[in-house]
Protein chains: 2
Amino acid sequence: MYDRAMPAETESGHRHSADTGWAHRALRELSQRGYRAGGARSAVIELLAEEGGCMEAEDVAERIRERGRSVGTASVYRALSLLSELGLLHKLALPEAPVRYELVRPGGEHHHHIVCDECGKTVLFSDERLEAAIAEVSRRAAFEVQAHDITLHGHCQSCQEAA
Amino acid sequence: MYDRAMPAETESGHRHSADTGWAHRALRELSQRGYRAGGARSAVIELLAEEGGCMEAEDVAERIRERGRSVGTASVYRALSLLSELGLLHKLALPEAPVRYELVRPGGEHHHHIVCDECGKTVLFSDERLEAAIAEVSRRAAFEVQAHDITLHGHCQSCQEAA
DNA sequence: GTTCCTGCAAAGGTTTTGCACCATA
DNA sequence: TATGGTGCAAAACCTTTGCAGGAAC
């Protein structure tokens with residue numbers, strides 16, 4: 001499997017810093033819908049906000065424990081599922097890898113992924129023409145389309161050089 | 001999980017009929033690369049050619065057995081892996097579902113997927129403008145992009161009516 | 001005849017579930 | 001205080017691996 005320590009980057013190269021806005025919105029949403037924010041849930045939210053998302057469930061649990069908080073694996077899975085159901089996280093599925101969870105930010109602004117099939121490094125991108133084309137296809141489809149995922153596969157520069 | 005009995009359809013609604021061209025190419029490719037075509041491998045190839053692909057490994061095994069041929073599950077997984085490595089199959093990963101395998105036809109002509117998040121029904125589509133936009137993004141990316149996957153998510157007409 | 005494929009069974013890795021205890025609102 | 005969240009352990013699920021026997025070339 002891929003190197004899980006690798007954080008997702010934007011194409012310009014810099015990481016997101018702690019997204020406290022997302023964390024607050026998540027906590028508010030939970031409370032508004034009658035869910036409680038116990039230790040595991042709030043730890044998951046805090047961690048994802050700080051790491052910027054795009055992590056596997058196991059990574060989330062591991063990092064929470066590295067920070068001295070103990071958490072049950074099952075509770076992490078349950079928290080991630082709930083946050084996904086509430087539309088606060090997006091699940092990214094790739095072949096040969098566990099699902100990754102990403103922050104969903106409000107306003108429909110979103111991104112897509114370029115994944116290195118060698119090492120799993122993931123870079124984010126967004127493109128207006130692509131979105132326009134997707135919107136047009138969605139309009140014409142018989143389905144009521146609510147979301148879309150685009151993943152480019154290839155090799156990152158390090159893996160190209162190594163080959 | 002989704003209803004596995006549902007075959008993939010094109011947007012115009014008709015199924016592919018047995019793709020003997022693909023089957024012949026697969027068998028030729030195996031033999032050219034020094035692989036043998038034993039019972040399990042040829043059964044997998046034959047079944048996929050007839051069903052048109054987009055199936056889970058377990059479905060493939062099940063259908064082969066329904067046709068009276070006995071096959072080991074492990075052999076089905078091994079055959080699917082090999083065919084993927086040889087570029088004869090494409091792996092489609094979705095959250096909450098096992099990987100599905102699809103026929104890869106020569107000439108680069110390919111399609112993408114619209115999946116019903118309710119029942120798992122999958123419809124294929126292709127769009128030139130979308131491909132052009134993807135090509136442009138790929139050209140500009142730091143990665144050497146070799147492939148791409150696009151999946152639209154939503155609800156099919158039956159599930160819309162049921163809701 | 002040799003090599004490789006196959007099938008079974010067992011193991012591996014990820015995710016879910018059951019249940020008793022405990023914390024949140 | 002009542003409800004629902006948490007953690008542990010066990011199970012479920014999908015996929016891979018080990019190995020002995022058998023088939024393909």
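This report describes the interface between chain A and chain B in a predicted model.

## Extent of the interface

The size of an interface is often expressed as the accessible area lost when the parts come together. Here, chain B and chain A bury about 3,300 Å² between them, and carbon and sulfur atoms account for 62% of that area. In terms of contacts, 40 residues of chain B meet 40 residues of chain A.

## Polar and charged interactions

Between chain B and chain A, 16 residue pairs are in polar contact, with both partners at pLDDT 80 or more. The interface also holds 4 salt bridges. A salt bridge links Arg140(A) to Asp127(B), with 3.0 Å between the closest N and O atoms.

## Elements on the chain B side

The strands S3 (89–94), S5 (112–116), S6 (122–125) and S7 (144–155), together with the helices H5 (128–140) and H6 (157–162), each provide at least two residues of the side of chain B that touches chain A. The largest share comes from S7(B), which contributes 12 residues.

Sorted by class, this side of chain B comprises 21 nonpolar, 9 polar and 10 charged residues.

## Strand pairing between the chains

Strand S7 of chain A, residues 144–155, is joined to S7(B) by 11 bridges. The two strands run antiparallel. Within this pairing, Ala147(A) lies opposite His153(B) of S7(B).

How values were computed. Residues are numbered from 1 along each chain as its sequence is written. Chains are lettered from A and ligands numbered from 1 in the order in which they are written. This is a predicted model: local features need pLDDT of at least 70, side-chain atom pairs count only at pLDDT 80 or more; totals for chains, interfaces and linings use all residues. Side-chain values use heavy atoms; hydrogens and water are left out. Contact means heavy atoms within 4.5 Å. Buried area is the accessible area (1.4 Å probe) that two parts lose on being put together, summed over both. A salt bridge is a side-chain nitrogen of Lys or Arg within 4 Å of a carboxyl oxygen of Asp or Glu. A polar contact is a pair of N or O atoms within 3.5 Å; within protein, one must be able to donate a hydrogen and the other to accept it, and residues adjacent in sequence count only if both atoms are side-chain atoms. Helices (H or I, at least four residues) and strands (E, at least two) are DSSP runs, numbered from the N terminus. Ala, Val, Leu, Ile, Met, Phe, Trp, Tyr, Cys and Pro count as nonpolar, Asp, Glu, Lys and Arg as charged, and the others, Gly among them, as polar. Two strands pair if DSSP finds at least two bridges between them.
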